Amino acid sequence: MKKSTRIICTGTLATAVVAALSAFASGYLTGGTPWPPAGLSTLATTASTSGGAMQGPAVPGASTASRGKSMLPGAPAQSGFDRFIVRQRDGARTVLSGASMRDAVQAAARRAGVGGPRASARGAEALDVQHLRRMASGADVVRLSRKLSRGEADALLAELRADPAVKYAQPDYIKHRLDFIPDDPRFDLQWHYTHPTAGIGMPAAWDLSHGDGVVVAVLDTGYLDHADLNANIVPGYDFVHDPEVGGDGDGRDPDAHDPGDWYGGDPSSFHGTHVAGTVAATTNNGAGLAGVAFGAKVQPVRVLGHGGGYTSDISDAIVWASGGHVDGVPDNSDPAEVVNLSLGGSGSCSQDPATQEAIDGAVARGVTVVVAAGNDNADAGFYSPASCKGVITVGANGIDGARSWFSNYGASVTVTAPGGNATSGSDPDDRWIWSLGNAGTQAPVPSPEGDRLMGMIGTSMASPHVAGVVALMQAAANAAGRPPLTPEQVKQLLKGTVKPFTVPPPVSKPQGPGIVDAAAAVQAATQEIPEDEGELLSNRVALAAQTGAAGDSLLYRIVVPAGRTSLNLRSYGGSGDVSIYVARERVPTTTLYDRKSVKPGNSEAVLITNPAPGTYYLRVVGETAFGGVSVMGLY
């Protein structure tokens, strides 16, 4: 088997490619059996590490023996019923109490010949009936002292339904878990979907949503034709303007295929295809593996090539993918609801206003932007777009449920998702994140001969997990008849539904509140989102350790009694830069408020003399990522 390694990490750009960005992923091994031998592909992994880059000799990472999966068996048919639900009609002449409902069911059972003296005379056990509770709908739940056969239950229900005052009567059916397990033969590799503590819980999430109707733009190296992806691709665009970076002989054009991004001594990564496969690989098709939102579509937008990609190209691509206009490029006829950026470069977003402006436009159009935190084991606040306002920045964890050794961290990180934690090419399969790739070392080998599965690690791999979950959330909200989630709502739901780290990150290296829980986030997306009333402040009691990313907004409230001569609302301490906005009896925004304080740093204060009694709201907004900030109200 021919072996080669690929290193893709921050800092690999040529000096001639100024202000360019690189993919946040590391290595793999290519070569082997063409796709698919009996529905199976060649696997691939990477090599040992030194510092932040993957390097060293590559070795095979897994057997190609088939370990197929199948659907779980269906829920068993119930052989008997001892609980029933009976709902009276609204406006019934006599609304039965619990005791009266119990008696009515007992009488119906006797008429049906399944309870009472007649049943006892035939040798059957006489029934006792217990009223358990009244449901929110007004229906009553009753339990019998023994199970009825299906025939006995039908007889009892017939008697109950014959009463004109009864709206419906039914068994209180037992419902079973119906987790979806696809038949993709290498789904077994995807611990990152199924591991109970370190994975994101995909089978349960798939019971609720597949992401149907949602478009996820993947801004990356482009895409390859691949048997496990083709059906879920919608037309994208090639935004690489410089022919030397593009390597495809032309500039911007509608062809977003990846011609290869080999550079120096490094082979091509086909990174965009790996990322796209995590988002929406074709699933339950008896081949390959599964995508997070396999009912969604991927819109490939090529922004990276040889040596990386220019910020100018990436910023234009963000605008276009999110439905904005870019001169010289046909408008996007199928704008994305989610944009994934598994890329980045050093330097904070405050130094990258072009990227921030493009993101601001996308967010204003209602598009959620998901970005990788970076792989330098450093503060993500010093990377762009990881530190930009309005984005969801994703750190990485391994199968141990701990932060990945390479993952960037800090207040800019919104949540964590699986990114692997391999340190050597000989590490087992569950140290890697598995998705799609190609056997080529420079130009891709045409599909299907070149189709491969690849193991990679990086926050590049973590980010598309979250982008896929966002697609599931939006589809679920739509199916529930709810309006599309705003980017801020998506962010809050993701943060509010995480599962805890198995191994909490060090205090000095925070990485969000926990690991994304796809099922919980999707379920939350179907529910009404309550108005944020803010955290209640007690007079002269500081709330310490307040933390957020750039653009994050924290709301507080304090109730001021009559007769006070002053009210002081303030923030102080910690790191970063925040501003505060204050209003009485209404929630302030950054554009609608009574008073504000926007000095550099975290020492902000609003002083109100002779305040009118009532509830005052205080909004703290991160101008940059902030941590360890205290908030206090004094009257």
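What follows is a chat about a predicted model of one protein chain.

Visitor: What kind of model is this, and what limits apply?

Guide: It is a predicted model in which local features need pLDDT of at least 70 and side-chain atom pairs count only at pLDDT 80 or more, while totals for chains, interfaces and linings use all residues. Residues are numbered from 1 along each chain as its sequence is written, and side-chain values use heavy atoms, with hydrogens and water left out.

Visitor: How many helices and strands are in the chain?

Guide: The chain has 12 helices and 28 strands, where helices (H or I, at least four residues) and strands (E, at least two) are DSSP runs numbered from the N terminus.

Visitor: And what share of the residues is buried?

Guide: Of the 635 residues in the chain, 55% are buried, with buried meaning under 20% relative accessible area, exposed over 50%, and partly exposed in between (1.4 Å probe, protein chains only). The accessible surface of the chain comes to about 24,600 Å², and 53% of that belongs to carbon and sulfur atoms; these areas come from the Shrake-Rupley method with a 1.4 Å probe, and for residues only the protein chains shown count as cover.

Visitor: What about contacts between residues at least 6 apart in sequence?

Guide: Among those contacts, 73% join residues at least 24 apart, a contact being heavy atoms within 4.5 Å.

Visitor: On to helix packing: at what angle do α10 and α12 pack?

Guide: Helix α10 (residues 459–479) and helix α12 (residues 518–525) pack at about 30° with their axes 8 Å apart; axes are lines fitted to C-alpha atoms, for helices over the stretch in contact, and angles run from 0 to 180 degrees between N-to-C directions. The two helices α10 and α12 are therefore roughly parallel to each other, given that angles under 35 degrees count as roughly parallel, over 145 as roughly antiparallel, 65 to 115 as roughly perpendicular and the rest as oblique.

Visitor: Which residues make that contact?

Guide: On the α10 side they are V469, L472, M473, A476 and A477, and on the α12 side A518, A521, V522 and A525. They divide into 9 nonpolar, no polar and no charged, with Ala, Val, Leu, Ile, Met, Phe, Trp, Tyr, Cys and Pro counted as nonpolar, Asp, Glu, Lys and Arg as charged, and the others, Gly among them, as polar.

Visitor: How do α10 and α11 cross?

Guide: The axes of α10 and helix α11 (residues 487–496) come within 11 Å and cross at roughly 110°, which makes α10 roughly perpendicular to α11. Here V466, V469, V470, M473 and Q474 in α10 meet V490, L493 and L494 in α11, a set that divides into 7 nonpolar, 1 polar and no charged.

Visitor: Which residues of α11 are buried, and what do they pack against?

Guide: P487, V490, K491, L493 and L494 are buried in α11, and the buried residues of α11 pack against α9, β14 (368–372), β16 (392–397), β17 (415–418), α10 and α12.

Visitor: How about α8 and α9, what angle there?

Guide: Helix α8 (residues 311–321) and helix α9 (residues 353–364) cross at roughly 5°, with axes that come within 8 Å, and α8 and α9 are therefore roughly parallel to each other. T311, S315, I318 and V319 in α8 meet A354, T355, A358, I359 and A362 in α9, and these residues divide into 6 nonpolar, 3 polar and no charged.

Visitor: Switching to loops, is S404 buried or exposed?

Guide: S404, in the loop between β16 and β17, is buried, with a relative accessible area of 0%. Not counting residues up to four places away in sequence, S404 touches A396, N397, G398, G419 and G420.

Visitor: And where is H195, and what is it in contact with?

Guide: H195 is placed in the loop between α4 (191–194) and α5 (202–206), and at 23% relative accessibility H195 counts as partly exposed. Leaving aside neighbours within four places in sequence, H195 is in contact with I399 and K499.

Visitor: Which peptide bonds are cis?

Guide: The bond from S384 to P385 is cis, with omega near 10°, and the bond from S447 to P448 is cis, with omega near 5°. P385 is in the loop between β15 (383–384) and β16, whereas P448 is in the loop between β18 (433–438) and β19 (451–456).
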